[in-house]
Amino acid sequence: MADLPVWWANVATVVLFVLLAALVMLIPKATVIGDAPDRRWFRDLRWWALLLIAIQLCIYAIFT
């Protein structure tokens, strides 16, 4: 592993974040919202998770 170039680690990190985002979206909406009084978009935690993943990827891109 020590002989691999650093850009492989960068690619692996981005791929894992994208995979995580895809897995988050596979969770059914009914499971995420549960018994919320309304079904507004901001109650869907999957969108907040995607926002946090996007922010993390932006921070990662700035510092690589």
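**Note on salt bridges and a nonpolar patch**

1. Arg-46 has a relative accessibility of 11% and counts as buried, because the cut-off for buried is under 20%. The model is predicted, and this value is computed from it.

2. What does Arg-46 pair with? Its salt-bridge partner is Asp-44. The closest N and O atoms of the two residues are 2.7 Å apart. Asp-44 has a relative accessibility of 2%. That value puts Asp-44 in the buried class too.

3. A second pair joins Asp-38 and Arg-43. Here the closest N and O atoms are 2.4 Å apart. Asp-38 is partly exposed, at 25% relative accessible area. Arg-43 is partly exposed as well, at 33%. Both values fall between the cut-offs, under 20% for buried and over 50% for exposed.

4. How many salt bridges does a search of the whole structure find? The count is 2. As background, side chains of opposite charge can pair when their charged atoms come close.

5. The surface also carries a nonpolar patch of about 1100 Å². Its members are Trp-41, Phe-42, Leu-45, Trp-48, Leu-51, Leu-52, Ile-55, Ile-59, Ile-62 and Phe-63.

Technical notes:
Residues numbered from 1 in each chain as written. Predicted model: local features only at pLDDT ≥ 70, side-chain atom pairs only at ≥ 80, totals over all residues. Heavy atoms only, no water. Patch = residues over 30% accessible without salt bridge, like charges linked within 9 Å, V, L, I, M, F, W, Y side chains within 5 Å. Areas by Shrake-Rupley, 256 points an atom, 1.4 Å probe, with all protein chains shown as cover. Salt bridge = Lys/Arg side-chain N within 4 Å of Asp/Glu carboxyl O. Buried < 20%, exposed > 50% of the residue type's maximum accessible area, 1.4 Å probe, protein only.
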